[in-house]
Amino acid sequence: MTHPFYAIHSHGLIRVAAATPRASVGDTGANAEATIALAREADAKGVDLVVFPELNLTSYAIDDLHLQTAQQRATLAAIAAVVEASATLRPALLVGAALVRNGRLYNCALAIARGKILGVVPKTFLPNYREFYEKRWFASGAGMTGLTIELDGQGVPFGTDLIFAAHDLPGFVFHAEICEDYWAPTPPSTAGALAGALICCNLSASNIVIGKARERAMLASSQSARAICAYVYSAAGPGESTTEVAWDGQGLIHELGEQLAESKRFATEPELVVADVDCERITQERLRNGTFNDAAVFAGNPEARFRRIVFDHAPAREDEIDFQANDLSPPGGGSVGLQRAIRRFPFVPNDPTRRDDDCYEAFNIQVEALSKRLVAANAETIVIGVSGGLDSTHALIVAAKAMDRLGRPRSAILGFTMPGFATGEGTKANAWALMRALGITAEEIDIKPAARRMLEDIGHPFSEGEPVYDITFENVQAGLRTDYLFRLANQRRGIVLGTGDLSEMALGWCTYGVGDQMSHYAVNAGVPKTLIQFLIRWCIRTDQYDAATDAILSTILAQEISPELVPAGADGALQSTESMIGPYALNDFFAHYVIRHGLAPSKIAFLAWHAWRDASVGAWPEDLPADARVAYDLQTIRKWLEKFLFRFFTTSQFKRSALPNGSKVSAGGALSPRGDWRAPSDGIATAWIEELRSGVPRG
């Protein structure tokens, strides 16, 4: 039995590779053999597109030998050998060769697939400075459009106006440029991307000098971000002539500014660096970025003048299989798998330095935003409900830092703990300990008498002694807390500081209006629950507060997340948020790919399965506790994703449509209707749930 869910091609993923063959000094036969060997390796690894270095068949550093007839004929023989070998190989190949056309020699990229030359792209920008002398041998391809070149008795498309597209694999559309082209102020790949290419490629020789590897990576990163594409770069490696320069063989794969893979430089053996690029994600990013379309219009709509060379790719389907529920590899082996690192926590980098940089920015965004609102509102105090849970804890420490920054006393923060029918002594004690440690003004208001009166007034069974703990019972408590806070803010010339986070907003896990959905300023509204946990850890690690505060922050981080609105059951178990709405780790994963990228639910499930199915595989943020490093199987992911989709698209948008002000924090998105998310409050989730059910296999 087969299922397309397990195949990368079902989800808009294309496997690309940057190849570093062992080069030679003009031995085209050896170069062809090295190229074919790596093409066969790529075929075995399920690669769709392989990018080779500049002039890898001809050799780059052979100077005036480029102008020898024997060398030129040998190059044609090498091309023929590669074309013949490609007939039985799956990858499309981009190889480099010097070709004669109409009395000129061009430095070219040849696109080859399934035994056919699809097209030839000449280099536009020819370096002729410092150690480079390319204009001595080559003609520029600038302006060469709509032409053909004769190879092996056949006319082949020739020009800088070519992009290549597989008709049987949506999203597999690529463009080629050569070395200096992307050092130019106007890289040809920009026009190629505007014409529709999702994968831009660079065949480069690029000798190595100190610092140049960083420059290449910077250019590949910036071009993939600016042109909203994937970028595959391959530089010549060992074997080229070192008469005047040396070579390191750097291979790079970037997507939307992020590096996916890099080769080992100065390797003694041929290398193939492989990654799966997400063409669906790239397409969705272009749809969201109106500037991309404007750039195409202002450039005269390159798609109208580019030739789209369509070819048959016949993509592999090895992974369309029915996995066993707990098996991580397909029966019989041969899995294509996924060659792409998927972060379990999309809002939190695994790299410690990047994680701390992000935490620094997120925390200070919140502090700066709240400081501005306090000044603008002419507020003398901040009024906040302190439960001893994660969200109110984080909002409170942000408020404390905002007061410090403004030079105001922390005593102007008025913290209220408001125990209800299910408030635990532990969380209440934590709330008091935190307020005392921070030096704020702390008070307690017992809401139970007022809650009993309201329940009695509305005729709720609880007022008659019945153990009915329905949504009304819960929201009476949540609403009273907010009501008290607003009246206290009126009384004490302050603003109510909201504590709800982005994760709760995504799920609608908040009480609308007179409840925790409402405040004067929602300082946490742009921060997901998983990031809040890391922000608090960052505050501890970087000594933002004193030792007493750090100690209570650590205690709060260790407790289970609970709304504490329903009394414990007969077994003593407290109300658990995650048992009702799903693990926040998964919900934040889902939210990121829905809000930021708009991916199909089956694709989100596919990515989540690869990220979470095995706790022993892949990177974890280093300060995540060991007991939080868990795994989720596909059916668990499917279950909670369906619940997320229903809550997000059907039941909770009306709460987001009435969000109070609060700053966007993460590029992953925000949910304010005035900012990053606009949607109808009466929408339904049918399309998303049906796509999930049809696209993900059942256990």
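Hi everyone, let's start inside a helix: N430 lies in helix α9, which covers residues 425–438. Before going further, please keep in mind that this is a predicted model.

So, is N430 buried or exposed? With a relative accessible area of 10%, N430 is buried, because anything under 20% counts as buried here. And what does N430 touch, once residues up to four places away in sequence are set aside? The answer is G388, I552, T555, I556 and Q559.

Now let's step out to the sheet beside that helix. Five strands form an open sheet with parallel pairing, and their order is β18-β17-β16-β19-β20. At the edges sit β18, residues 441–444, and β20, residues 521–522, and each of these pairs on one side only. Strand β17, residues 413–417, runs parallel to β18, and four bridges join the two.

Helix α7 lies across β16 (381–385), β19 (494–498) and β20, and it runs at about 155° to β19.

Helix α7 also has a helical partner. In general, two packed helices are described by the angle between their axes and the distance between the axes. For α7, residues 352–376, and α8, residues 390–406, the axes come within 9 Å and cross at roughly 65°. The crossing of α7 past α8 is right-handed. Which residues of the two helices meet? On the α7 side they include F363, V367, L370 and L374, and on the α8 side they include I397, V398, A402 and M403. Sorted by class, this contact has eleven nonpolar, four polar and three charged residues.

Keep L370 in mind, please, as we turn to the cores. As a general point, nonpolar side chains in soluble globular proteins tend to be buried together. The largest nonpolar core here has 100 residues, and the members that touch the most others are L370, F589 and F590. Take F589 as an example: leaving aside neighbours within four places in sequence, F589 is in contact with I342, R343, R344, P346, I604, L607, A608, A611 and W612. There is also a second, separate core of 41 residues, and V121, C201, A261 and I282 are among its members.

On to another sheet. Seven strands make an open sheet in the order β13-β12-β11-β10-β9-β8-β15, and the pairing is mixed. Its edge strands are β13 (258–262) and β15 (307–311), each pairing on one side only. On average, neighbouring strands in this sheet are turned by 25° against each other, direction ignored. Helix α4, residues 212–226, packs on the sheet and touches β11 (230–235), β12 (251–255) and β13; the direction of α4 makes about 25° with that of β12. Within the sheet, β8 (residues 162–166) and β9 (residues 173–178) pair in the antiparallel sense over two bridges, and A165 has V173 in β9 as its bridge partner.

On one side, β3 (residues 92–101) pairs with β4 in the antiparallel sense over nine bridges, with G96 bridging to A109 in β4. Two residues sit between these strands in the hairpin, where N102 takes a positive phi near 55°. β4 also pairs with β5, residues 116–122, again in the antiparallel sense, over six bridges, and L110 has V120 in β5 as its bridge partner. That hairpin also has two residues between the strands, and R114 in the turn has a positive phi of about 50°.

Finally, two loop residues for you to find. S59, in the loop between β2 (49–51) and α2 (69–86), has a positive phi near 90° without being a glycine. S59 counts as buried, at 1% relative accessibility. The other is L256, in the loop between β12 and β13, with a positive phi of about 50° although L256 is not a glycine.

Notes: Residues numbered from 1 in each chain as written. Predicted model: local features only at pLDDT ≥ 70, side-chain atom pairs only at ≥ 80, totals over all residues. Heavy atoms only, no water. Axes fitted to C-alpha atoms, helices over the stretch in contact; angles between N-to-C directions. Left-handed = near helix turned anticlockwise from the far one by under 90°. Contact = heavy atoms within 4.5 Å. Nonpolar A, V, L, I, M, F, W, Y, C, P; charged D, E, K, R; others polar. Core = buried A, V, L, I, M, F, W, Y, C linked by side-chain atoms within 4.5 Å. Buried < 20%, exposed > 50% of the residue type's maximum accessible area, 1.4 Å probe, protein only. Pairing = 2+ DSSP bridges.
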